[in-house]
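Colleague: I am new to this structure and would be grateful for a guided discussion of it. May we examine it together, one topic at a time?

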Amino acid sequence: MTMKKYEMLIGGAPAAPASCEWFESVNPFTAAPWAMVPRGSKADVDRAVAAARSAFYCGSWRSMTASARGALLRRLADLIAADAARLAEIETRDNGKLLAEMRGQLNYIPQWFYYFGGLADKIEGRVIPIDKPGVFNFTREEPLGVIAAITPWNSPLLLAAWKLAPALAAGNTVVWKPSEFSSVSALEFGELFEKAGFPPGVVNIVTGFGNEVGEPLVTHPDVAKIAFTGGDRTGEYVYQQAARGLKHVTLELGGKSANIVFDDADLDAAVNGVISGIFAATGQTCIAGSRALIHRPIHEKFVDRLLALARTARMGNPLELTTQVGPITTRPQYEKVLDYLRIAKEEGAVCQLGGSPATRPECGSGWFIEPTIFTGVRPDMRIANEEVFGPVLSVIPFADEEEAIRIANGTVYGLAAGVWTTSMRRALVMSERLEAGTVWVNTYRAVSYMSPFGGYKRSGIGRESGMDAISEYLQTKSVWIDISGNTPNPFVMR
Ligand code: NDP
């Protein structure tokens, strides 16, 4: 079978990489290459940033009314909706996540473009009732310029939409670098911008490796802001590089989220929620509830029920809609998860389920790991503190609310937390005291284009989605106009 050889998107046209090199994108279920992705480099980044800069400063994007910009975003949303099934299948082939999950994401992605398209012409400045007589003072909310959007492999288009929709609504232009492991859907998606009628150079896509494309993009002097989603180590490095150019950043990083179950919870719902928190998407989500904190009076009973439900998980081909747990997306990630299984066992955690590669016939030649549950996990163990990004759950008992909060807040991360209780008081106290950007009570893994999302502590900086997100892509200008007609003393401050 001949593999499709893709081109990048620069200045509104397909672009071959300056290196004249392509690399293979591998299907994680078959472990076989299925597409050829351009190997971008600094030269391509320079071309893409120049195109984005020129689209920002001169041309029809600059002079377009905010309403027309919003209409373009909504037209793009219509095109994504019409193409959702095809794009979802591409994502599944590229990153191995369940087709059922990717269809759900693709059907939902248009909402980010409708929402921020609607917001484009509601970005307003203010008239300040200034304390100085004879002066008219007002503010303007202005775009930042060229935005570098850098995305990971686990939810490629969804996480790009979280950046592109507000960035474009605010009037910026974008250079997007998708993960080297999941670039195909980005390049297919890129074609929709032209169809929607975006002027050339407003959105550019450069594919390739982190050090060869990501780094020159972050350090490029004409990039005003980095909107990054990825691991916290890479995020820290990106932040340092961005700081040298005093650039704006949004960082959406990793997590070690606690799913806390009290003895007064609806246990059917809680078992379901804990399982969905860790085994959905094969645990490869930043919001994975990878620590289950279980109230001691129900610990044993709850673990039995968790094990019973986890044992029913159907593994296999992610393209089949009945599959519940798919492969790990990349070979390095698979090896990292195996490392953590070993570390957990060496630390003395008790492996109650899984704990090894999955060799079931339905797993084909993919990188599968058995859904794994460890009990006897202490909060100080590495398995209780470090992000595994795989189907691995650590169960930790707690005595009371104080201990639950101490354990839940006891990691460097603060992305999300779940609380399972029927007590209103507990729900409110816990949601106040948990150090996390998102707290779910009696639900888990819910996100919306309307609700701000982001991390506390090492889980990130800034917010995506909702009204908060648009201000991440704007800067405020204060305009002073003298209307007094006087000529004041030039040697004192006005
Ligand atoms: P990485 O941090 O490895 O990579 C993220 C992106 O950064 C990729 O496009 C990568 O390119 C790029 N990159 C790598 N090195 C550099 C560099 N020096 N300069 C600029 N860019 C660089 O993350 P993964 O792709 O492995 O994704 C998994 C991580 O993402 C997890 O930690 C997860 O928690 C986090 N995540 C966070 C979310 C959130 O919203 N908080 C949501 C989803 C995931 P390349 O692929 O070529 O290496």
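Colleague: How many bridges join strand E4 to E5?

Modeller: In this predicted model, strand E4 covers residues 22–27 and runs antiparallel to E5. Ser 25 of the pairing stands opposite Ala 35 in E5, and the bridge partner of Glu 24 in E5 is Met 36. The number of bridges that join E4 to E5 is six.

Colleague: Which residue in the hairpin of E4 and E5 takes a positive phi?

Modeller: The hairpin has four residues between its strands. A positive phi near 60° occurs in this hairpin, and the residue that takes it is Ala 31.

Colleague: Which residue in E5 does Lys 5 stand opposite?

Modeller: Strand E1, residues 4–5, is joined to E5 by two bridges, and these strands run parallel. Glu 24 has its bridge partner in E5 at Met 36. The residue in E5 that stands opposite Lys 5 is also Met 36.

Colleague: How many of the seven residues of strand E5 are buried?

Modeller: A residue counts as buried when its relative accessible area is under 20%. Strand E5, residues 32–38, is largely enclosed by the rest of the structure, because the number of its seven residues that are buried is five.

Colleague: In what order do the three strands of the open sheet with E7 stand?

Modeller: The pairing in this sheet is antiparallel, and the order of its three strands is E6-E7-E21. Strand E6 (127–128) and strand E21 (474–482) each have a single partner strand, so one side of each is left without a neighbour in the sheet. Strand E7, residues 135–143, pairs with E21 over nine bridges, and Pro 143 stands opposite Leu 474 in E21.

Colleague: Within what arc do the buried residues of helix H4 fall?

Modeller: In helix H4, residues 99–108, the buried residues are Leu 99, Glu 101, Met 102, Gln 105 and Leu 106. Seen down the axis, they line one face of the helix, because they fall within an arc of 155°.

Colleague: Which helices do the buried residues of H4 pack against?

Modeller: The buried residues of H4 include Leu 99 and Met 102. The helices that the buried residues of H4 pack against are H3 (66–95), H5 (110–119) and H6 (156–169).

Colleague: What percentage of the area that the ligand exposes when taken alone does the protein bury?

Modeller: The ligand is surrounded by 31 residues, and the closest are Glu 180, Thr 234, Leu 253, Cys 286 and Glu 387. Oxygen atoms of the ligand lie 2.8 Å from a polar backbone atom of Thr 151, 3.1 Å from a polar side-chain atom of Ser 179 and 3.0 Å from a backbone N or O atom of Gly 210. Taken alone, the ligand exposes 900 Å², and the share of that buried by the protein is 89%.

Colleague: Is His 295 buried or exposed?

Modeller: His 295 is found in strand E14, residues 291–295. A polar atom of its side chain lies 3.2 Å from the backbone oxygen of Ala 399, and the residues His 295 touches include Val 261, Phe 398 and Arg 426. Its relative accessibility is 5%, so His 295 counts as buried.

Definitions and conventions:
Residues are numbered from 1 along each chain as its sequence is written. This is a predicted model: local features need pLDDT of at least 70, side-chain atom pairs count only at pLDDT 80 or more; totals for chains, interfaces and linings use all residues. Side-chain values use heavy atoms; hydrogens and water are left out. Two strands pair if DSSP finds at least two bridges between them. Buried means under 20% relative accessible area, exposed over 50%, partly exposed in between (1.4 Å probe, protein chains only). The arc is that of the directions from the helix axis to the C-beta atoms. Contact means heavy atoms within 4.5 Å. A residue is near a molecule or strand if one of its heavy atoms lies within 4 Å of it. A polar contact is a pair of N or O atoms within 3.5 Å; within protein, one must be able to donate a hydrogen and the other to accept it, and residues adjacent in sequence count only if both atoms are side-chain atoms. Accessible areas come from the Shrake-Rupley method with a 1.4 Å probe; for residues, only the protein chains shown count as cover. Lists of a residue's contacts leave out its neighbours within four places in sequence.
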